[in-house]
Amino acid sequence: MLPVSQKKIKPTGSAYDRILFTASDLFYQQGYRATGINEVIEKAGVAKATFYSHFSTKDDLCLAYLKNRNGKELAEIEDYISTKARPVDRFLAVIESLEPWIIGNGMKGCGFLNMVPEVPDAGSPLRKEGELHYARLRTRVKELAGELIKSKPKRYGHLHAQTLADDYMVVLTGAIALAEISHDIWPIKQGVEAVRRLIH
């Protein structure tokens, strides 16, 4: 979903790393269904036997991609939050980080949201990983909301951390989806202003 590095320097490490790097780029750029195992094998420069020694199925490979993306995105969000000192700035940091990210990925949007229509089974581990990503982000936003409320009780004491986090997540996710649909940055800018209005 969020600010994950868009550098495309092909790794020269292990076969596992080359496979995962290649698959991650292909899954994100062209989708799950459009990406075949043979294409990954060819572009990663590995033997078929080597591929299958690491990943039994395409689902296994895609799950590794999503888990890797999950960790990186959440870590980069934390890095961005850590550059802010005031609770209000830390609270706004999550949605403010979207603009450079969405521009950097060519308006491709969130890898987790993009996966949903391709994997209709709600019980799929792939869908579950996307659900986990947003659950973790929602929890973090709730923590930031609580931090904000405690920082100035007279100003923010009327707010409820969970409700504020839920509203924030709806705005954030909608802004990402609409930016991808419209291929424009305006939904992100509007999203930032909408979150600002939530605390005033």
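I took helices as DSSP runs of H or I with at least four residues, numbered from the N terminus. I also noted at the start that the model is predicted.

Entry 1: a loop residue.
I looked up Thr-35 and found this residue in the loop that joins α1 (15–30) to α2 (37–44). Is Thr-35 buried or exposed? I recorded a relative accessibility of 1% for Thr-35; buried means under 20%, so Thr-35 counts as buried. I then listed the contacts of Thr-35, leaving out residues up to four places away in sequence: Leu-26, Phe-27, Gln-30, Val-40 and Lys-58.

Entry 2: a surface patch.
I next asked which residues form a nonpolar patch on the surface. I found Leu-178, Ile-181 and Trp-186, which together have about 330 Å² of accessible area. I placed one of them, Ile-181, in helix α10, which covers residues 161–182.

I turned to the second largest pocket and wrote down a space of about 170 Å³. I found that 13 residues line this pocket, and that Arg-86, Val-88, Asp-89, Arg-155 and Tyr-156 are the ones nearest its centre. I recorded α5 (87–96), α8 (125–151) and α9 (153–156) as the elements that each give two or more residues to this lining. Which element gives the largest share of the lining of the second largest pocket? I found that α5 does, with 4 residues.

Terms used. Residues are numbered from 1 along each chain as its sequence is written. This is a predicted model: local features need pLDDT of at least 70, side-chain atom pairs count only at pLDDT 80 or more; totals for chains, interfaces and linings use all residues. Side-chain values use heavy atoms; hydrogens and water are left out. Buried means under 20% relative accessible area, exposed over 50%, partly exposed in between (1.4 Å probe, protein chains only). Contact means heavy atoms within 4.5 Å. Patches are made of residues with over 30% relative accessible area and no salt bridge: like charges are joined within 9 Å, nonpolar side chains (Val, Leu, Ile, Met, Phe, Trp, Tyr) within 5 Å. Accessible areas come from the Shrake-Rupley method with a 1.4 Å probe; for residues, only the protein chains shown count as cover. A salt bridge is a side-chain nitrogen of Lys or Arg within 4 Å of a carboxyl oxygen of Asp or Glu. On a 1 Å grid over the protein atoms alone, a cavity is a set of points where a 1.4 Å probe fits but cannot get out, and a pocket is an open set with protein on both sides within 12 Å along at least five of seven lines; lining residues have an atom within 4 Å of a point. Grid points are joined across faces, edges and corners, and a volume is the space filled by probe spheres set on the points.
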